[in-house]
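Visitor: I would like to go through this model label by label. For each term, please show me the value behind it.

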Amino acid sequence: MSTIAQQHTSTFSAQDLELKLKQVRLAHPEQSLPSPPFSDSGSTSPKENQTEESYFLRSLKECLAIYEEPSRSRSESLSLLSDEEVIMLANNGNIATYALEKLFGMEKLERAVRIRRAIISRGSSTGTLESSSIPFENYDYSRVLGACCENVVGYIPIPLGVAGPLTVDGKQYPIPMATAEGTLVASASRGCKALNAGGGVTTVLVGDGMTRGPAIDFPSAIQAGKAKAWIDSDDGHKVLREAFESTSRFAKLKSLKTAIAGRTLYVRFATTTGDAMGMNMISKGTEKALEAMQKRFPEMVVLALSGNYCTDKKPAAINWIEGRGKSVVAEAVVPGHVVKTVLKTTVKDLCNLNVKKNLMGSAMAGSIGGFNAHAANILTAIFLATGQDPAQNVESSMCMTLMEPTGSNGEDLLVSVTMPCIEVGTVGGGTVLAPQQGVLDMLGIRGAHPQQPGQNAQTLARIIASAVLAGELSLLSALSAGHLIKAHMAHNRSQANTPAASLPPTPGAGLAYRV
Ligand code: ADP
């Protein structure tokens, strides 16, 4: 049975349409159909007595002649061919499928996407793409082209929910979350409610620096050591900084950290990047700095601009320790009565669970930066909604959640998240796409900050950390409340008559003499 979506829109391929037109034409030869869609003179013009067949799907030779007619641009020629004829040319190897947008031109980007879908679909074993529910119409592909994605066949919609609002540094923000995980938005909302009741979240930005760490080979460890010493010197630092900063008015080199393994030198450049997440920007700066260094050390060989000492999109202790992107602490006090009424638990139980789960449990598991309950859940949902690079959730989600009693009698809860690597931007990358821009508009932080470059991206990082705080509070509370329910049930079943343990309480010893 076909789905509603299929019935509604997409069962008509370009091929179907042409066949239908052909049937109408054959059934009603007296009715005139539109002229063939070209009128140029010369060898490529249709003949007066052209048959139905050749009009609806001209021969490969004819199509090729139209396509390659030198007096026209490629996009003009393509406008004279039907979709099926373009598909025929592509399947024959005359048109590269990846280059369809370039050939069609900016006015016909959706047509390029539609034709690519058909080509890929018909070449696949399932053949489903062309008539699938994957949407492709009414999308601004001009923003995608050359910036966001290649070989485009449509777009994947993700439900967008809004948690909150949440008060962050005295201002209320709706929290946008693109997710397919049920209860996530609702849970975050409950956390927001509890945080707002205590006056909201206060954030501190303790660092801002995107990093790139190239790998540079030298003939020997001695030469690598000399280069390291030079970079670490005032002179070396100055030369590299000047070259680096010449590439962008937003890039300000903040630090250079060097490390050697054998004869390979790693240099971790850290820079501010304004409102951009900054990987492009720092790559350009690093390249320029290495050119300046090469003049001093002609024997050096830059193996890769990224030598994984950055470290981008992979778990790494260096990020956890040194920070990458925006380093943010978000903190709040939740009154004890709110912990009881909204979060259905107690300050004591929350604090205990946080230590045992988020700190001790993660330590037992050998975690790096995973001292939290589900920071990645909230962060990734906001990343997707605001056009961030989702692969950077690896390091951006590193987070330590802390909870302790506060107030004169310890009746209230002091809660914080420490997130050293929130890698976000409000210009560049996926933030150029209109829907994502709509979300950034809703937050009032789209694009470049007009007065203080970098402030929009920093605000986004503060919002994310605060929302993570809400998520942590809510999930920890749910777990803690669940534990409480179980504890109550256990308690209600009277333990009064439980016989005293007859075995030593140490399982090892007990087992040994039971066997
Ligand atoms: P990324 O470096 O995150 O990959 P892009 O290179 O796509 O980002 O976008 C950064 C570009 O935007 C740079 O060319 C930069 O000059 C420009 N830009 C304009 N305003 C700003 C701003 N406030 N902060 C950072 N970049 C900006």
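**Values behind the labels**

Guide: Start with R116 and E101, whose side chains meet in a salt bridge at 2.6 Å, N to O. R116 lies in helix α8 and E101 in helix α7 (residues 100-104), so the pair ties together parts that are 15 residues apart in sequence. Bear in mind that this is a predicted model.

Visitor: What makes R116 and E101 a salt bridge?

Guide: The cut-off is 4 Å between a side-chain nitrogen of Lys or Arg and a carboxyl oxygen of Asp or Glu. R116 and E101 stand at 2.6 Å, N to O. The label therefore applies.

Visitor: Are R116 and E101 buried or exposed?

Guide: Both R116 and E101 are buried. That label calls for under 20% relative accessible area.

Visitor: How many salt bridges does the structure hold?

Guide: The structure holds 18. K228 and D232 form one of them, with the closest N and O atoms 3.0 Å apart. D312, R324, E395 and E423 are linked in a network of salt bridges.

Visitor: What separates K228 and D232 along their helix?

Guide: K228 and D232 are four residues apart in helix α10 (residues 221-232), which means about one helical turn between them. An α-helix has 3.6 residues a turn, so residues three or four places apart point the same way.

Visitor: Why is K228 called partly exposed?

Guide: Buried means under 20% and exposed means over 50%, with partly exposed in between. K228 has 24% relative accessibility, so it counts as partly exposed. D232, at 43%, also counts as partly exposed.

Visitor: How do you know that E322 forms a salt bridge with K257?

Guide: The closest N and O atoms of E322 and K257 are 3.6 Å apart. The limit is 4 Å, so the pair qualifies. E322 counts as partly exposed at 43% relative accessibility. K257 counts as partly exposed at 31%.

Visitor: Why is T264 called buried?

Guide: T264 has a relative accessible area of 13%. The cut-off is under 20%, so T264 is buried. T264 is found in strand β6 (residues 264-273).

Visitor: What makes the pairing of T264 with D217 a polar contact?

Guide: The two side chains come to 2.6 Å. The limit for such a pair of N or O atoms is 3.5 Å, so the contact counts.

Visitor: What makes helix α6 mostly covered?

Guide: Helix α6 (residues 83-91) has seven of its nine residues buried. Among them are V86, I87 and L89, along with D83 and E84. G93 follows α6 and has a positive phi, near 85°.

Visitor: Which residues form the nonpolar patch on the surface?

Guide: I134, I156, I158 and L384 form the patch, with about 330 Å² of accessible area together. A patch residue needs over 30% relative accessible area. I134 has 31%, so it passes that cut-off.

Visitor: Which peptide bond is cis, with omega near 10°?

Guide: The bond from G164 to P165 is cis. P165 is found in strand β1. The bond from C310 to T311 is cis too, with omega near -10°.

Visitor: What is the phi of D169?

Guide: D169 has a positive phi of about 50°, although it is not a glycine. N308, also not a glycine, has a positive phi of about 70°. Most residues other than glycine have a negative phi, and most peptide bonds are trans.

Terms used. Residues are numbered from 1 along each chain as its sequence is written. This is a predicted model: local features need pLDDT of at least 70, side-chain atom pairs count only at pLDDT 80 or more; totals for chains, interfaces and linings use all residues. Side-chain values use heavy atoms; hydrogens and water are left out. Patches are made of residues with over 30% relative accessible area and no salt bridge: like charges are joined within 9 Å, nonpolar side chains (Val, Leu, Ile, Met, Phe, Trp, Tyr) within 5 Å. Accessible areas come from the Shrake-Rupley method with a 1.4 Å probe; for residues, only the protein chains shown count as cover. Buried means under 20% relative accessible area, exposed over 50%, partly exposed in between (1.4 Å probe, protein chains only). Helices (H or I, at least four residues) and strands (E, at least two) are DSSP runs, numbered from the N terminus. A polar contact is a pair of N or O atoms within 3.5 Å; within protein, one must be able to donate a hydrogen and the other to accept it, and residues adjacent in sequence count only if both atoms are side-chain atoms.
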